[in-house]
Amino acid sequence: MTTPTTWQNWSGRVRSAPERIAVPADTAHVAATVKSAVQDGLRVKAVGSGHSFSEIAAADGVQVRLDRLGRLVDVDAESGLVTVGSGIPLHRLTPLLDEHGLAMENLGDIDRQTLAGATSTGTHGTGGRFGGIATQIRGLEMVLADGSVVTTSADERPELLELARVGLGALGVITAITLQCVPRFALHVVDEPMPIDRVLDEVDDLVETNDHFEFFWFPYTDTALTRRFQRLPADTELEPEGRLAHWFDEAVVSNVGWDALLRVAARRPAFVPRVNRIVTGALSRREYSDLSHRVFASRRDVRFNEGEYAFERGRFRDVFGELRSLLGGLDHPVAFPFECRFVAADDIPLAPTYRRPSAYIAFHQYRSMPHQPFFDRVEDVFDAVDGRPHWGKMHRLGVPELSARYPRFADFVALRDELDPTGVFTNDYLDRVLGAPVGAAR
């Protein structure tokens with residue numbers, strides 16, 4: 001155990017001051033930490049990289065940092081099954097998989113999260129035929145509220161595996177994850193600015209004809225940055241982006257230069273539309289190919305606050321149109337783009353894509369600019385289409401709304417109450433979105 005300290009998430013908005021911090025080296029140490037906390041009447045919250053924008057990882061009792069649980073435990077290159085410590089960040093995991101000729105089937109556009117954090121919050125990438133990262137899970141090792149260690153698979157406690165793949169940290173501390181990986185593959189990439197009206201007209205075709213498609217639209221402009229990926233065999237002759245061009249775009253245009261413009265805009269909000277036009281004007285067409293783990297994720301140095309919702313994919317144009325129209329009524333301009341992605345339905349009860357082919361729209365605001373009035377207006381739009389929030393992003397919903405939008409919400413809560421009746425693993429956020437556990441102190 002280490003002495004108390006203040007913790008904050010990546011954006012700097014969420015802060016907490018746990019009474020104790022544990023950095024366990026193995027599963028037995030995690031179990032001992034949980035038992036000790038229970039004896040002392042403290043709640044336990046595992047934390048990864050802090051890249052969630054919601055308060056899901058905020059701890060007031062014992063904060064368990066899983067940094068040391070980050071090694072490959074077992075690799076079966078023939079079957080593609082890989083077991084790994086839950087605290088490994090995705091950007092460290094993917095090169096290790098590559099050394100064994102393997103890759104994750106799909107990834108998001110940021111890879112700083114830990115594997116457990118990404119899967120537990122329903123983090124996803126894009127691709128109409130591909131599910132979120134948690135759909136790749138085939139087994140879990142977990143420490144429960146009584147300090148016992150359980151393993152789950154299709155043959156061993158399958159009901160726990162089914163629900164814990166996107167478990168919000170509410171069912172236990174995940175210490176190891178078994179993934180179904182695929183043979184390593186490459187991606188052919190086309191990044192191209194397009195008129196936003198053309199993108200909206202062609203969006204169904206763009207999703208269907210590309211393995212992965214997404215786009216970013218900066219408010220007050222007529223241009224979207226589209227990203228189209230096609231999967232290729234790993235032995236394809238690659239044509240990666242030049243190092244200088246990649247550095248200039250990632251470090252200068254997309255991060256340092258943009259942040260400098262946003263700092264000016266934060267002091268002079270009327271400058272925001274001009275900043276957005278400057279940024280979109282700097283975008284250019286890029287085409288290259290590289291191994292998948294070098295392509296999916298992008299560098300993110302500019303700090304912001306973010307929310308994101310999934311909704312029925314067939315309603316995408318209408319929803320996007322509503323979001324586009326609300327911008328004119330805001331007192332504070334929006335300096336960040338909407339990010340639009342498309343994901344397959346799955347069978348994970350608390351995944352936002354449960355039994356529903358979905359579009360995701362993420363909304364952001366620069367960290368030093370007012371965000372709440374804008375976020376409230378956006379959430380009104382998603383409320384009208386039964387939108388389901390990304391658990392790691394900011395949202396205002398509670399039990400009444402969420403229980404109506406997730407068909408198996410009650411099943412999840414019942415299992416949580418069975419496994420953790422006194423609320424060892426809860427916090428204020430989980431009490432809001434799931435309700436307090438049946439035996440928790442009121």
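Predicted model: local features only at pLDDT ≥ 70, side-chain atom pairs only at ≥ 80, totals over all residues.
Ala344 sits in the loop between β18 (338-343) and β19 (358-366).

Relative accessibility is 15% at Ala344, so the residue counts as buried, the limit being under 20%. Ala359 lies 15 residues from Ala344 in sequence. The C-alpha atoms of Ala344 and Ala359 are 8.8 Å apart.

## The buried face of α8

Helix α8 spans residues 316-326. Its buried residues are Phe316, Val319, Phe320, Leu323 and Leu326. Viewed down the axis of α8, these residues fall within an arc of 130 degrees, so they line one face of the helix. Asp318 and Ser325 are exposed on the other side of α8.

The buried residues of α8 pack against several elements. The helices are α5 (196-209) and α9. The strands are β14 (212-217), β17 (304-312), β18 and β19.

## Packing of α8 on α9

Helix α9 covers residues 372-383. The α8 and α9 axes are 10 Å apart, at an angle of about 155 degrees. Because that angle is over 145 degrees, α8 is roughly antiparallel to α9. The crossing is right-handed.

From α8, Val319, Glu322, Leu323 and Leu326 take part in the contact. They meet Phe374, Arg377, Val378, Val381 and Phe382 of α9. By class, this contact has seven nonpolar and two charged residues, with no polar ones.

How values were computed:
Residues numbered from 1 in each chain as written. Heavy atoms only, no water. Helix = DSSP H or I, 4+ residues; strand = E, 2+ residues; numbered from the N terminus. Buried < 20%, exposed > 50% of the residue type's maximum accessible area, 1.4 Å probe, protein only. Axes fitted to C-alpha atoms, helices over the stretch in contact; angles between N-to-C directions. Parallel < 35°, antiparallel > 145°, perpendicular 65-115°, else oblique. Left-handed = near helix turned anticlockwise from the far one by under 90°. Contact = heavy atoms within 4.5 Å. Nonpolar A, V, L, I, M, F, W, Y, C, P; charged D, E, K, R; others polar. Arc of directions from axis to C-beta.
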